[in-house]
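Here is a friendly walk through one model, from its strands to its ligand. Have the viewer open as you read.

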Amino acid sequence: MKLTVPINLPHAPYDVQIGAGVLGCLADLLETMRASSVVVIADERVDALHGGALRDVLSRTKLASAVLTFPAGEASKNLATYGRLLDGLFDVRPAVDRRTVIVTFGGGVAGDMGGFVAASALRGLRFIQCPTTLLADVDASVGGKTGLDHKAGKNLIGAFHQPSGVLIDTAMLKTLDDRQLSNGLAECVKHGVIRDESLLTHLESARDAIFARDEATLGDLVARNVRIKARVVLADEREANIREILNFGHTVGHAVEVMGGYDKLLHGEAVAIGMVMALRLARRRGLIDDASRTRVEDLLARLNLPTRCDNIDADRLWEIMLHDKKARGGKVRMILPLRLGEVAVFDDVTSAEIAETII
Ligand SMILES: NC(=O)c1ccc[n+]([C@@H]2O[C@H](COP(=O)([O-])OP(=O)(O)OC[C@H]3O[C@@H](n4cnc5c(N)ncnc54)[C@H](O)[C@@H]3O)[C@@H](O)[C@H]2O)c1
Ligand SMILES: [Zn+2]
């Protein structure tokens, strides 16, 4: 079964197509777009696992195509890899032109990096995203953010560049390991807390079917999350206000991630800890009741996500939070729940409160 979520951007609307086997829709999409040629940007691991299926679809289009790969993982999301991909892109024969379409194939790293190549090569080529991790399906594939890390910090280089289409083939998730699946589920819990309490109920009841990679369940889960993220992003395409609520769990999460070093905790794991701390802080302030707090903590634990972090140095955590690129005027901004399904931005959080909520 295929689900389609339209993304009604005023200047560049496109569809997110979701379901097992939707990679096959790539051929038609490229034809509709009148592509002159196709260049795939994939990570090596995803290419080894699923590149054959992608090449089969491309061979049906009769378009000239090339596949450029880079080593899997966040460590590749840098200027050196970007430079090598551009070298590869401009080496492709016949040469790329304005109607060449870039296809990104892999997790959020391939999407961000390939999207940035598309945003910048020839001052902007069209691109199609084919995400293959749950995190990329429910988060990175919607919103138009593309970019790279710099040694000074994550995602410091980039551009907004909207895809012409997103194909989320949920069958890809069969080869994704459970830890990476949980990594994406953290962002699903986030979506539930900020906008849709019924998504939390859904995650509670569908937990086993999700881990069993049941196709209908995964398709439904991805579609619900894409709709939530799209609604928030459409309301506010270039950040500023509403989009900030997507940072729920991320102020502390990013700091925990930095303290652990990027390779110790996965992003979603750090966000899970950040969400627990935000819930505890909201509870201390009397914004939510204890049942709401424990409900989300229990759900995170059932989704195999960490809910506590040992030996955090509160002062260092606060320092890192203050230097977050999203902090403004020496104030830490945190998204706190008012109830499950609704959050608000607070800029009066103190270091003492953070120290008290460390778990
Ligand atoms: N643009 C955005 O709005 C946005 C939002 C959230 C995250 N991101 C970015 O996304 C990145 C994280 O994404 P990620 O978690 O997908 O990481 P990732 O792309 O590194 O993928 C994680 C690992 O899973 C492997 N993998 C991917 N698909 C697989 C599959 N189907 N089967 C088996 N293995 C598979 C990859 O090879 C990699 O080793 C970060 O760089 C983050 O900044 C961007
Ligand atoms: Zn995140």
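## A hairpin to start

Strand S7 (residues 145–150) runs antiparallel to strand S8 (residues 153–160), and five bridges join the pair. Strands pair here if DSSP finds at least two bridges between them; helices (H or I, at least four residues) and strands (E, at least two) are DSSP runs numbered from the N terminus. Two residues lie between S7 and S8 in this hairpin, and Thr146 has Ala159 in S8 as its bridge partner.

This is a predicted model: local features need pLDDT of at least 70, side-chain atom pairs count only at pLDDT 80 or more, and totals for chains, interfaces and linings use all residues. Residues are numbered from 1 along each chain as its sequence is written, while chains are lettered from A and ligands numbered from 1 in the order in which they are written.

## The open sheet

An open sheet of seven strands has the order S1-S2-S9-S6-S5-S3-S4, with mixed pairing. Strand S1 (3–7) and strand S4 (64–70) are at the edges with a single partner strand each, so one side of each has no neighbour in the sheet.

Strand S5 (residues 101–106) and strand S6 (residues 126–131) pair in parallel over six bridges, and Val101 stands opposite Arg126 in S6.

## Around the ligand

Ligand 1 is surrounded by 29 residues, with Arg45, Ala72, Gly107, Gly108 and Thr133 the closest; the cut-off is a C-beta atom, placed from the backbone, within 6 Å. Helix H2 (44–59), helix H4 (108–120), helix H5 (134–140) and helix H6 (178–195) each give two or more residues to this shell.
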